[in-house]
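This briefing sets out selected local features of one protein model for use in computational work. Please consult the sequence and the coordinates shown below alongside the text.

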Amino acid sequence: MSSLEELHASKDEWRRALLRRRAEVPETTRSADAAALRDAALNWADERGTGVVAAYVPVTSEPGSLDLLDALRAAGRRVLLPVVTGARPLDWADYTGPESLAPARFGLLEPVGPRLGAEAVGAAGAVLVPALGIDHRGVRLGRGAGHYDRSLPLTAPGAVLIGVVRDPEFVPELPGEPHDVRMTAVLTPGSGVRGLPM
């Protein structure tokens with residue numbers, strides 16, 4: 001990624017490069033990363049005593065797994081998952097197991113249970129946020145639709161916003177804008193959960 005950093009690349013250039021690199025990650029590495037993310041997130045939630053975690057179902061090459069969601073539930077945590085509602089903030093519903101998911105727009109899997117409203121994310125003590133990249137200041141690069149930028153301002157004061165990326169996707173600096181909601185922590189397979197900014 002150093003060539004992009006040297007060129008002060010735009011968000012779109014970063015997105016293309018990060019997506020290209022993700023597509024090249026072998027399945028064995030993805031599986032190992034998913035197990036490491038599960039263990040680190042579970043340990044962190046246990047240490048913090050976090051009762052409600054907002055999370056996501058990874059699609060295509062996104063880091064994470066259903067095993068992480070199931071492990072959080074098995075440890076007694078309530079898990080909320082997002083439901084895309086167009087250009088509005090994300091809606092949320094409880095995750096009650098893999099059978100509670102159904103295919104949705106954009107290739108997503110979403111919970112089929114009762115919708116809890118956009119404000120439901122305010123119950124979460126931690127929010128696991130999908131990202132293409134996170135920088136040391138907490139700037140998150142998403143896919144560009146703005147769903148999380150509209151939704152994360154509804155989180156409770158003190159909720160930990162955890163960007164989830166692979167280790168090479170945690171970089172010193174990404175292009176950011178004033179409206180971008182900064183992550184307060186990052187979760188990577190190699191280092192677990194670390195506070196931000198660094």
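The model is predicted: local features need pLDDT of at least 70, side-chain atom pairs count only at pLDDT 80 or more, and totals for chains, interfaces and linings use all residues. Residues are numbered from 1 along each chain as its sequence is written, and side-chain values use heavy atoms, with hydrogens and water left out. Helices (H or I, at least four residues) and strands (E, at least two) are DSSP runs, numbered from the N terminus.

**Helices and their packing**

- Helix 2 (residues 11–23) contains 13 residues and reaches 18 Å from its first C-alpha to its last, close to the 18 Å expected at 1.5 Å a residue; the expected span is 1.5 Å times one less than the number of residues.
- The buried residues of helix 2 are Lys11, Trp14, Arg15, Ala17, Leu18 and Arg22, where buried means under 20% relative accessible area, exposed over 50% and partly exposed in between (1.4 Å probe, protein chains only).
- The axes of helix 3 (residues 27–48) and helix 4 (residues 66–74) come within 9 Å and cross at roughly 25 degrees; axes are lines fitted to C-alpha atoms, for helices over the stretch in contact, and angles run from 0 to 180 degrees between N-to-C directions.
- Helix 3 and helix 4 are therefore roughly parallel to each other (angles under 35 degrees count as roughly parallel, over 145 as roughly antiparallel, 65 to 115 as roughly perpendicular and the rest as oblique).
- On the helix 3 side, the contact is made by Leu37, Arg38, Ala41, Leu42 and Ala45, and on the helix 4 side by Asp67, Leu68, Ala71 and Leu72; contact means heavy atoms within 4.5 Å.
- The crossing of helix 3 and helix 4 is right-handed (left-handed if the near helix is turned anticlockwise from the far one by less than a right angle, right-handed if clockwise).

**Positive phi at residues other than glycine**

- Threonine 60, although not a glycine, has a positive phi of about 45 degrees.
- Threonine 60 lies in the loop between strand 1 (52–54) and helix 4, and counts as exposed at 73% relative accessibility.
- Phenylalanine 106, likewise not a glycine, has a positive phi of about 65 degrees.
- The loop between strand 4 (101–103) and strand 5 (109–111) holds phenylalanine 106, which is exposed with a relative accessible area of 61%.

**Buried residues in strands and a helix**

- Serine 151 belongs to helix 5 (residues 147–151) and is buried, with a relative accessible area of 1%.
- The side chain of serine 151 reaches the backbone oxygen of histidine 147 at 2.8 Å.
- Not counting residues up to four places away in sequence, serine 151 touches Pro89, Leu90 and Val121.
- Proline 82 is part of strand 2 and counts as buried at 14% relative accessibility.
- Proline 82 and alanine 55 are 27 residues apart along the chain, and their C-alpha atoms are separated by 7.5 Å.
- Leaving aside neighbours within four places in sequence, proline 82 is in contact with Ala55, Tyr56, Leu90, Asp91, Trp92, Glu110, Pro111 and Tyr148.
- Alanine 126 is located in strand 6 (residues 126–130) and counts as buried at 1% relative accessibility.
- With neighbours within four places in sequence left aside, the contacts of alanine 126 are Trp44, Thr50, Val52, Val53, Ala54, Val160 and Ile162.
- The C-alpha atoms of alanine 126 and leucine 196 are separated by 14 Å, at 70 residues apart along the chain.

**Buried residues in loops**

- Valine 84 sits in the loop between strand 2 (78–83) and strand 3 (91–94) and is buried, with a relative accessible area of 15%.
- Valine 84 touches Leu90, Arg105, Phe106, Leu108, Glu110 and His147, not counting residues up to four places away in sequence.
- A separation of 14 Å is found between the C-alpha atoms of valine 84 and proline 114, which are 30 residues apart along the chain.
- Glutamate 169 occupies the loop between strand 9 (160–164) and strand 10 (170–171), and its relative accessible area of 6% makes it buried.
- Glutamate 169 touches Leu18, Arg22, Leu132, Gly133 and Ile134, not counting residues up to four places away in sequence; Leu18 and Arg22 are among the buried residues of helix 2.

Terms used:
A polar contact is a pair of N or O atoms within 3.5 Å; within protein, one must be able to donate a hydrogen and the other to accept it, and residues adjacent in sequence count only if both atoms are side-chain atoms.
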